[in-house]
Amino acid sequence: MTEYSLKCHFPKCKLPVVNSALVTRCSHVFCSNHIIPGEGLARRCPACNTILDGSYDLVSANINPPEESKAIILAGYSPDVIFEIMSKALQFWEFQMNMQIMYQKTAADQLRIRLAKKETQWETMELNIKHYVQAQEKRVNHLKNELSTLTSTLTDIEGQLNEKDRQLRNLQSRYDSLRHQNVASMITKDTEALNTEPPIFKERSFLMNREPVPPTPSLVFRPSTPRNTPCSSMSCSTPRQRPNTTWQ
């Protein structure tokens, strides 16, 4: 492959032509991988849509002829014909170079457009990243301030908790002291109560130690022996005597 190698003009092919090629009268070249179908008016150039209905409008050319063919390919032609052939061959190559240059320019322009789009996208992405970084930095600073505030608040709460804990310990100590005093007072009272005789026992002792009361006499009626014999008759003039009673 030389510096001036041909490229296939078939759309989306652009492969270099190595040995044989199809050449049209509109100066387009196609590699051997493609076939131009059709006959007469139905046969058209795939590159420019030119009608290829002539006998020499589409020919197969040997790109790398052997040395023997080169020696006799122009034999017998007059110099004017040879120069005319050379002129047309050079025009064909000039057209091919111009086509390649145009293709390269088109590809370069497309690449520039793509590059410009990528640069625009990159600038937009870079700007978005900067805005995102700035927003994140602001958020970090806000979180730092919030953390500082929470730390200060936590320190205050911890101090208050320690103060409440100290007060609770003092209150627990006072409670334990009062409870011990109360228990000691109850124990003292119970001891004094055990050492002191209850009033009910004093009353029982008084009742047991006092002198006995004599019993109340009972009234018993007992007739005594009559001093005189009663009268035998109801008409006795002797007055009736009252019986003698004694109390026992």
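Which helix holds both Glu-84 and Lys-88, and how many residues apart are they? Both lie in helix H2, four residues apart, about one turn of the helix.

Before selecting anything else, note that this is a predicted model, in which local features need pLDDT of at least 70 and side-chain atom pairs count only at pLDDT 80 or more, while totals for chains, interfaces and linings use all residues. Residues are numbered from 1 along each chain as its sequence is written, and side-chain values use heavy atoms, with hydrogens and water left out.

**Whole chain**

Helices (H or I, at least four residues) and strands (E, at least two) are DSSP runs, numbered from the N terminus. Of the 248 residues, 10% are buried; buried means under 20% relative accessible area, exposed over 50%, and partly exposed in between (1.4 Å probe, protein chains only).

**Strands S1, S2 and S3**

Select S1 (20–24) and S2 (29–31), then S3 (residues 58–62). Two strands pair if DSSP finds at least two bridges between them. S1 and S3 are antiparallel over five bridges, and S1 and S2, also antiparallel, are joined by three. Centre on Leu-22: Ser-60 stands opposite in S3, and Phe-30 is the bridge partner in S2. Four of the five residues of S1 are buried, so this strand is largely enclosed by the rest of the structure.

**The hairpin turn**

Move to Ser-27, in the loop between S1 and S2. The two strands form a hairpin with four residues between them, and Ser-27 in the turn has a positive phi of about 70°. Ser-27 is buried, at 18% relative accessible area. Contact means heavy atoms within 4.5 Å; leaving aside neighbours within four places in sequence, Ser-27 is in contact with His-9, Phe-92, Phe-95 and Gln-96.

Next, select Arg-25 and Asp-57, whose side chains meet in a salt bridge (3.2 Å, N to O). A salt bridge here is a side-chain nitrogen of Lys or Arg within 4 Å of a carboxyl oxygen of Asp or Glu. Arg-25 is in the loop between S1 and S2 and Asp-57 in the loop between S2 and S3, so the pair ties together parts that are 32 residues apart in sequence. Asp-57 counts as buried, at 11% relative accessibility.

**Along helix H2**

Select residues 79–195, which make up H2. The expected span of a helix is 1.5 Å times one less than its number of residues.

Phe-92, Gln-96 and Gln-100 are buried in H2, and the cover over its buried residues includes S1 and S2.

Return to Glu-84 and Lys-88, which form a salt bridge with the closest N and O atoms 3.6 Å apart. Glu-84 is partly exposed at 44% relative accessibility, whereas Lys-88 is exposed at 52%.

Further along, select Trp-122, which is in H2 and exposed, with a relative accessible area of 54%. Trp-122, Met-125, Ile-129, Tyr-132 and Val-133 make a nonpolar surface patch of about 540 Å².

Finish at Glu-163 and Arg-166, three residues apart in H2. They form a salt bridge with the closest N and O atoms 2.2 Å apart. Glu-163 is partly exposed at 32%, and Arg-166 is partly exposed at 37%.

Conventions
Patches are made of residues with over 30% relative accessible area and no salt bridge: like charges are joined within 9 Å, nonpolar side chains (Val, Leu, Ile, Met, Phe, Trp, Tyr) within 5 Å. Accessible areas come from the Shrake-Rupley method with a 1.4 Å probe; for residues, only the protein chains shown count as cover.
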